Amino acid sequence: MIGFIARRSSSAVILLLVVSALTFFLMDLLPDPGQGILGVSATDEQLAAKRAELGLDRPVVLRWLDWLGAAVRGDLGTSWTTGLRVSDSIGTKLPVTLSLTLTATLVCAVLGIALGLIAAIRRGAVDRSVHVLAVAGFAVPGLWVGILLVTVFAVRLEVLPATGYVPLAESPVDWARSLVLPVATIAVAGVAAIAQQTRNAVAEVLERDYIRTLRSRGLPARRVLFVHVLRNATPPALTVVGLQFIGLLGGALVIEQIFALPGLGSLAIGATSQSDVPTVQGVVLVSVCVVVTVNLAVDLATGALDPKVGMR
Amino acid sequence: MTILGRRRVAALATAGLVVAAVAGCGGSNTAESAGGKTLTLAAAADATSLDPAKGAGGNGLAYLQPLYDSLTTVNPDQSVGPGLATAWTYTDPERRNLRMTLREGVTFSDGTPFDATVVKQNLERTAAANGPSSFAVAAVAGITVAGPTVVELALKTPDPSLLYNFGLVAGMMLSPKAFGDANAQPVGTGPYILDAGHTTRGDRYTYTRNPRRPDRTAYPFDKIVIKAIPDTNARTTALLTGQADAGLGAPARMDAAKGAGLTVTRQPGQVTGMWLVDREGKVAPQLKDVRVRRAINHAIDGPGILKAIMAGVGSPTTQMFAAGSPAYDPELDRAYPYDPARAKQLLAEAGLADGFKLVLPSENAFVPALYPVLAEQLNQVGIKVEYTPVSTNQLSQQYFSGRFPAFMYVWGTSQNWIDANALLSPAMPTNPFKVADPVIVDLLARIAKSPDEAQGPLYRQLNTHVVEQAWFAPLFRGDNVLFSAKSVSLSNRPGQTFMALTDYRPAG
């Protein structure tokens with residue numbers, strides 16, 4: 001398994017190099033960010049001085065290598081617009097995005113797996129209702145759900161905050177309250193996906209011969225379900241959960257805007273619109289690291305649950 | 001009010017574009033907190049830097065005003081009043097030597113005394129920083145400390161916007177002891193100090209009273225909180241649910257705001273219009289002919305577009321200078337009524353009876369809904385528009401690179417010199433083809449050397465000439481819509497486009 005982790009890590013490094021280079025070169029296609037930084041009142045001399053200050057008069061490959069050299073030493077540079085250290089900005093934004101995505105993933109996984117299980121076991125009307133709910137969850141755009149939830153619970157009923165984020169350390173209760181609406185918005189579609197996947201996987205396992213054999217040997221239904229069925233049905237569900245988490249990192253962009261959550265998504269939008277290359281690079285780097293880590297964790301968990309999955 | 005659009009406007013904002021900014025910061029919360037009244041503002045963009053040498057005006061101003069005093073103050077009518085400088089005078093008829101007398105007995109929140117040496121250090125630092133406000137001191141050639149409270153500035157060229165800009169970020173004074181890391185630990189003479197423990201950059205900024213500056217009359221609030229909420233819908237919701245006391249709201253939700261008991265204030269904002277920048281016909285030869293530029297003005301139905309696309313939130317105009325400013329002439333707004341027949345006639349006189357093809361950029365930030373209407377209206381008089389989409393990130397860079405003969409842009413300040421210089425001077429990047437009209441160049445030079453009271457007639461002459469020459473095809477001046485809680489009173493006057501922190505007071 002150590003070999004497996006080592007191989008995965010080295011391919012992760014290559015991925016990081018490729019993605020960071022791609023981002024860097026794409027950002028470079030944008031014209032001079034000087035005017036964005038200095039404003040339209042800047043003179044031509046000031047624009048030229050800004051270009052020199054940012055090193056934009058040097059070839060892009062050299063600039064990328066410089067950035068890479070510093071990044072390897074843990075120095076992500078300083079934002080071109082806010083003057084803040086990129087690592088500090090990410091340090092304050094990452095907890096927001098992780099609070100949102102991890103909580104949402106957890107809620108989706110627990111509810112989705114529970115619903116999927118019930119649907120697969122009970123079948124009939126329950127199964128059909130879950131199916132309808134799942135399709136509806138897929139079909140309704142998250143953006144619309146978010147706006148609807150805000151209108152009902154924040155504007156009309158005034159029971160939950162409409163926008164903003166409270167750090168966990170400041171007030172756990174307010175932290176939870178600030179996450180309820182964004183997490184619910186995500187969960188509508190997320191629960192549906194996981195419920196469908198779990199339901200299908202469990203239903204398939206339930207029809208296997210060995211389950212019939214276990215039952216015929218008089219094992220308690222509960223034991224059959226939770227030890228044998230679930231163990232075999234979990235890997236596909238886990239894969240969906242992992243994918244969902246990764247999708248959420250991207251989706252956080254939209255959710256963070258609607259609920260004014262100061263996370264990585266908001267940071268990325270602001271930085272991209274202002275051609276703030278160091279910040280964009282930092283956000284991309286951290287996002288890729290998170291994605292790679294989650295993928296690895298899902299693979300390891302799948303392997304632990306299912307010995308047939310080779311760790312090679 | 002697309003997210004990126006507003007943000008872009010803000011990012012590009014010059015000192016005069018404070019409308020959105022300061023409006024976005026306005027408000028007051030009469031909710032009694034531990035120490036007294038708190039003012040919670042919802043801002044349309046995050047702060048750039050808290051160091052004035054690196055900080056932007058526009059949306060950035062709101063974050064800096066609590067911390068710093070400026071050398072001058074900008075009055076609601078755009079005139080300049082005393083600030084840290086109590087008096088000033090140009091000592092030569094060319095207006096290239098400015099002597100400023102400074103307020104005595106002022107100290108920074110760290111105890112450092114404020115004097116002429118500090119002014120010199122700050123202005124030199126701003127010039128060297130090459131930040132968003134450095135343009136404002138570009139004309140300054142040398143600074144002399146003539147006494148503890150007297151500072152003299154020698155200018156390369158006369159600059160009629162210098163004292164105005166000194167009322168904004170460029171004139172904000174930072175304690176020399178804080179020069180090292182003012183972005184994290186800003187120290188000014190302002191009425192408030194940053195509460196770093198309750199500030200999260202990119203999200204919320206908290207300011208508490210400066211114990212050295214107990215001015216409860218001008219600044220009745222004990223605490224100022226500014227929340228950065230770039231998304232217009234999220235910001236509007238925050239205002240509707242009382243999470244913030246004042247800020248720019250979505251014009252489409254004005255009725256909802258009134259229904260929720262908020263006060264809706266409309267302030268004239270920026271001009272949406274076409275910049276016919278290729279006035280010498282380098283990319284589109286047809287635009288060299290003033291009759292063609294006039295035809296375009298007649299061909300576009302500004303009032304109709306304002307009504308259809310912007311729900312009428314604004315006022316039609318055919319001039320770039322702000323209503324109520326010295327350059328403004330209400331007569332000029334009648335210069336180009338919507339008249340396709342007249343447009344066709346003008347094109348025929350220019351030898352273009354069969355029309356011509358015009359390549360324009362289109363974008364998704366400012367006014368995306370406008371492009372099909374514009375193409376249709378120009379097509380009706382024979383001008384076939386071909387759009388090249390430009391990404392939001394690249395707007396100003398592409399527009400001011402000389403690639404396009406004309407483009408639709410949202411612009412507007414309330415300071416005439418800033419507008420005149422940026423829009424008309426052949427030296428500025430915002431005049432991408434560097435067109436030098438002798439009448440304009442002459443008028444700009446004369447305005448620069450004139451005392452304030454003599455500038456008005458010259459500005460109107462300049463404005464009239466620009467409208468006659470049809471350098472632009474303005475459509476309308478949109479309104480900024482400010483939502484504020486009933487607990488706040490705004491000292492907003494008709495035509496006022498500039499709101500300072502002092503304009504917000506607890507109601508009743």
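Which strand of chain B is L102(B) found in? In this predicted model, L102(B) sits in strand β6 of chain B. With 23 other C-beta atoms within 10 Å, L102(B) is buried; the cut-off for that label is 20 or more. Leaving aside residues up to four places away in sequence, L102(B) touches L84(B), A85(B), T86(B), D115(B), A116(B), V119(B), T149(B) and V151(B).

Strand β6 belongs to an open sheet of four strands in chain B, laid out in the order β5-β6-β8-β7 with antiparallel pairing. At the edges are β5 (85-90) and β7 (140-147), each of which pairs on one side only. From one strand to the next, the twist averages 20 degrees. Strand β7(B) runs antiparallel to β8 (residues 150-155) of chain B, and six bridges join the pair. In one of the pairings between individual residues, G147(B) has V150(B) of β8(B) as its bridge partner. A helix also packs on this sheet: α4 (residues 116-129) of chain B touches β6 (97-102), β7 and β8, and its direction makes about 170 degrees with that of β7(B).

Elsewhere in chain B, two helices pack against each other. Helix α8 (residues 290-299) and helix α10 (residues 340-349) of chain B have axes 8 Å apart and meet at an angle of about 165 degrees. Angles over 145 degrees count as roughly antiparallel, so that is how α8(B) lies relative to α10(B). The crossing of α8(B) past α10(B) is left-handed. On the α8(B) side, the contact uses R291(B), V292(B), R294(B), A295(B), H298(B) and A299(B), while α10(B) brings P340(B), R342(B), A343(B), L346(B), L347(B) and E349(B). Sorted by class, this helix contact has seven nonpolar, one polar and four charged residues.

Finally, there is the meeting of the two chains. The contact takes 46 residues from chain B and 45 residues from chain A. On the side of chain B that touches chain A, the elements giving two or more residues are α1 (3-12), α6 (232-240), α12 (395-399) and α13 (416-424). Helix α1(B) provides the largest share of that side, with six residues. As for classes, the side of chain B that touches chain A has 18 nonpolar, 20 polar and eight charged residues.

Technical notes:
Residues numbered from 1 in each chain as written. Chains lettered and ligands numbered in written order. Predicted model: local features only at pLDDT ≥ 70, side-chain atom pairs only at ≥ 80, totals over all residues. Contact = placed C-beta atoms within 7 Å. Nonpolar A, V, L, I, M, F, W, Y, C, P; charged D, E, K, R; others polar. Axes fitted to C-alpha atoms, helices over the stretch in contact; angles between N-to-C directions. Parallel < 35°, antiparallel > 145°, perpendicular 65-115°, else oblique. Left-handed = near helix turned anticlockwise from the far one by under 90°. Pairing = 2+ DSSP bridges. Buried ≥ 20, exposed ≤ 12 C-beta atoms within 10 Å, placed from the backbone.
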